[in-house]
Amino acid sequence: MVTSNSQNTQKKLSIQVSLNGLSFCILDESSKSVVFSKTLNFEKQLDPIKLLSKIELEYENESRLNQPVDDVKVIFSNALFTLVPEELFSEEQASSFLKFNAKILKTDFVAFDKLSEGIVNVYIPYANITNYFFDKYGEFEYQHSMSVLIETFLQQEQGTAKAFLHCQPNHFELVIIEKGKLLFANSFEYETSEDFLYYLLFTAEQLGLDPEEFELVLCGNISKDAEAYKLAWNYIKNISFAGPLHSFTFDTSKEQNEQAGFLLLNSF
């Protein structure tokens, strides 16, 4: 198990892993304070082997990552997932649910998160990354990014259809909920602001959502200065930014943590 650093404090480390970047966040549970946060965005998408090298290098160079922690959670952010109704899910057949959405190798390990509302998220974590963290920390928890987002947004008060868009460099996750029920959840890669808008409006059209009526809530790595936001604002009437969904304080830049660290802050 992960070693405790003190009898009076409890520190939790949450790590977001994607082929486009890494994020680290350490929460002091006793004071509800974020004591360390760091995000790295890569110039180009890496493969899992090069990604592991980046993680190893970060642990070598960032001393604050080597402080004792009590709990570790790794969040895998990738498109290698699919949502399955729990009544149809079989752990023995987990890989069969993924084969229509992703190319699966015989060496791939398939994991799953059981969510509320009778949903199972089946996904592929990067085996070399899980092995690295197991060697480093022993037992730890891991989860898919879409699982964190769905559970977070389902907890929000819901009425009419509301679309939650979590933006990251070159891709975004879109979760649409109506009256407390999940209508849609998927991730999209994009290169231009026009791509961003196309996927958003196409999804709304397929679900019969009127851009004049449904609410779009933005979070993650996006601001009012972003071209994608400015373009979407021309077509969607109700756009807002998600406020803090936690009660943590910050020892570092609060603005940076609230935006780029949205996923990790809601994983604790």
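Predicted model: local features only at pLDDT ≥ 70, side-chain atom pairs only at ≥ 80, totals over all residues.
The buried residues of helix α4 are S145, M146, S147, V148, L149, I150, T152, F153 and L154; buried here means under 20% relative accessible area, exposed means over 50%, and partly exposed lies in between, with a 1.4 Å probe and protein chains only. Because 9 of the 10 residues of α4, which spans residues 145–154, are buried, this helix is largely enclosed by the rest of the structure. Helices are DSSP runs of H or I with at least four residues, strands are runs of E with at least two, and both are numbered from the N terminus.

Residues are numbered from 1 along each chain as its sequence is written, and side-chain values use heavy atoms, with hydrogens and water left out.

Let me turn to the aromatic residues. Rings of Phe, Tyr and Trp, the last by its six-membered ring, pair if their centres lie within 6.5 Å; planes under 30 degrees apart are called stacked, over 60 edge-to-face, and the rest tilted. The count by this rule is 23 aromatic pairs. In one of them, F153 and F262, the ring centres are 6.1 Å apart and the planes meet at 25°, so the pair is stacked. Since F153 belongs to helix α4 and F262 to helix α8 (residues 262–265), the pair ties together parts that are 109 residues apart in sequence. Both F153 and F262 are buried. For Y190 and F196, the centres are 5.4 Å apart and the planes are at 75°, so that pair is edge-to-face. Y190 and F196 are buried as well. One aromatic cluster is formed by F24, Y59, F76, Y126, Y132, F133, Y137, F140 and Y142.

Next, the cysteines. How many disulfides does the structure hold? There are 0, a disulfide being a pair of cysteine sulfur atoms within 2.5 Å. For C25, the closest cysteine sulfur is that of C219, at 15 Å, which is too far for a bond. The sulfur of C219 has its closest cysteine sulfur in C167, 8.9 Å away, again too far for a bond. C25 counts as buried at 2% relative accessibility, and C219 does at 4%.

Finally, the backbone. Most residues other than glycine have a negative phi. N170, however, has a positive phi near 70°. N170 sits in the loop between β9 (162–168) and β10 (171–178), and its relative accessible area of 44% makes it partly exposed. K179, also not a glycine, has a positive phi of about 55°. K179 is located in the loop between β10 and β11 (181–189), and counts as exposed at 65% relative accessibility.
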